[in-house]
Amino acid sequence: MFRKGHSNKTIKQLNFFDEQLTWEPQVKYLGLILDNKLSCRQHIKHNSEKFWNKVHLIIPLIGRHSCLSLNNKVLMNKQVLRPILTYATQIWGLSAKTHRKKIQTLQNKILRMMTNAPWFVRNEVIHNDLQIESIETHVKNLSRKFFSKIADTPLL
C-alpha cells in the first residue's frame, strides 16, 4: 500500500560497461545543452550569453559609430555572430516558437545597432535592405541542407 503523494515509480539504475551512470537534469554534448524535456531552453540561453560576449568584443567594428562599411558589418554578422546563434540548429530548430523568437530578437537588435536605424523602421525592412534572411528562414535552409546531405550519404 502506498501513502498519498508517494509515487510507485521506481528509478532504474543505468549501467554502461559495469559503470553506474547518474541521471542529470541537463547534459552538454558537443556544445549542445540537452535538458530532460528536450526544450533546448538552456542551450539557447547559453548561446545568447556567448553571442553578447562576442558582440561586446567586436562592437568597435560593427557599432553605430564604426567607420566600417555596412557591407563589411553585414559580413561580420554573418560570419561571426549568426553562427553562434544558430549552432546545432538542426537539433533545436523544432523547439518552441518562443525560443526561436528569442534568437530572432537578438538578430534584430544587432542589425538595428549596425545600421543605426530609428525605432520606427520595421525589422522586416532592415532585413530586406541588408538582404539578411530571418532566423526562421535561415534555420529551415540549414536544416534542409543538412538532412538532404544525410539522405545522399551512402550507408557503409
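1. Asn116 counts as partly exposed, at 46% relative accessibility. This is a predicted model. Asn116 sits in the loop between α4 (97-115) and α5. Its phi is near 55°, a positive value in a residue other than glycine.

2. Phi of Leu38 is positive, at about 55°, although Leu38 is not a glycine. The residue belongs to the loop between β4 (32-35) and α1. Leu38 is exposed, since its relative accessible area is 61% and the cut-off for exposed is over 50%.

3. Next, the helix pairs. Helix α1 covers residues 41-62 and helix α2 covers residues 70-85. Their axes come within 9 Å and cross at roughly 165°. Angles over 145 degrees count as roughly antiparallel, and α1 and α2 are therefore roughly antiparallel to each other. The crossing of these two helices is right-handed.

4. Which residues make the contact of α1 and α2? From α1 come Asn47, Lys50, Phe51, Lys54, Val55, Ile58, Leu61 and Ile62. From α2 come Lys73, Met76, Val80, Leu81, Ile84 and Leu85. By class, 10 of the contact residues are nonpolar, one is polar and three are charged.

5. Helix α2 also meets α4. The axes of α2 and α4 come within 11 Å and cross at roughly 160°. That angle makes α2 roughly antiparallel to α4. This crossing, too, is right-handed.

6. On the α2 side, the contact with α4 uses Leu70, Lys73, Val74, Asn77, Leu81, Arg82 and Leu85. On the α4 side it uses Ile103, Leu106, Gln107, Ile110, Leu111, Met114 and Thr115. The contact of α2 with α4 has nine nonpolar, three polar and two charged residues. Lys73, Leu81 and Leu85 of α2 take part in the contact with α1 and also in the contact with α4.

7. Lys109 is another residue of helix α4. Is Lys109 buried or partly exposed? Lys109 is partly exposed, with a relative accessible area of 46%. The C-alpha atoms of Lys109 and Asn123 are separated by 9.1 Å, and the two residues are 14 apart along the chain.

8. His127 is placed in helix α5 (residues 123-130). At 8% relative accessibility, His127 counts as buried, because buried means under 20%. What does His127 touch, leaving aside its neighbours within four places in sequence? Its contacts are Gln104, Gln107, Asn108, Leu111, Ile132, Glu133 and Ser134.

9. Now the aromatic rings. The structure holds four aromatic pairs. One of them is Phe16 with Phe17: the ring centres are 4.6 Å apart and the planes stand at 75°, so the pair is edge-to-face. Phe17 counts as exposed, at 73% relative accessibility.

10. Trp119 and Phe120 form another pair. Why is this pair edge-to-face? The planes of the two rings stand at 90°, and planes over 60 degrees apart count as edge-to-face. The ring centres of Trp119 and Phe120 are 5.7 Å apart. Both Trp119 and Phe120 are exposed.

Note on methods. Residues are numbered from 1 along each chain as its sequence is written. This is a predicted model: local features need pLDDT of at least 70, side-chain atom pairs count only at pLDDT 80 or more; totals for chains, interfaces and linings use all residues. Side-chain values use heavy atoms; hydrogens and water are left out. Axes are lines fitted to C-alpha atoms, for helices over the stretch in contact, and angles run from 0 to 180 degrees between N-to-C directions. Helices (H or I, at least four residues) and strands (E, at least two) are DSSP runs, numbered from the N terminus. Angles under 35 degrees count as roughly parallel, over 145 as roughly antiparallel, 65 to 115 as roughly perpendicular and the rest as oblique. A crossing is left-handed if the near helix is turned anticlockwise from the far one by less than a right angle, and right-handed if clockwise. Contact means heavy atoms within 4.5 Å. Ala, Val, Leu, Ile, Met, Phe, Trp, Tyr, Cys and Pro count as nonpolar, Asp, Glu, Lys and Arg as charged, and the others, Gly among them, as polar. Rings of Phe, Tyr and Trp (its six-membered ring) pair if their centres lie within 6.5 Å; planes under 30 degrees apart count as stacked, over 60 as edge-to-face and the rest as tilted. Buried means under 20% relative accessible area, exposed over 50%, partly exposed in between (1.4 Å probe, protein chains only).
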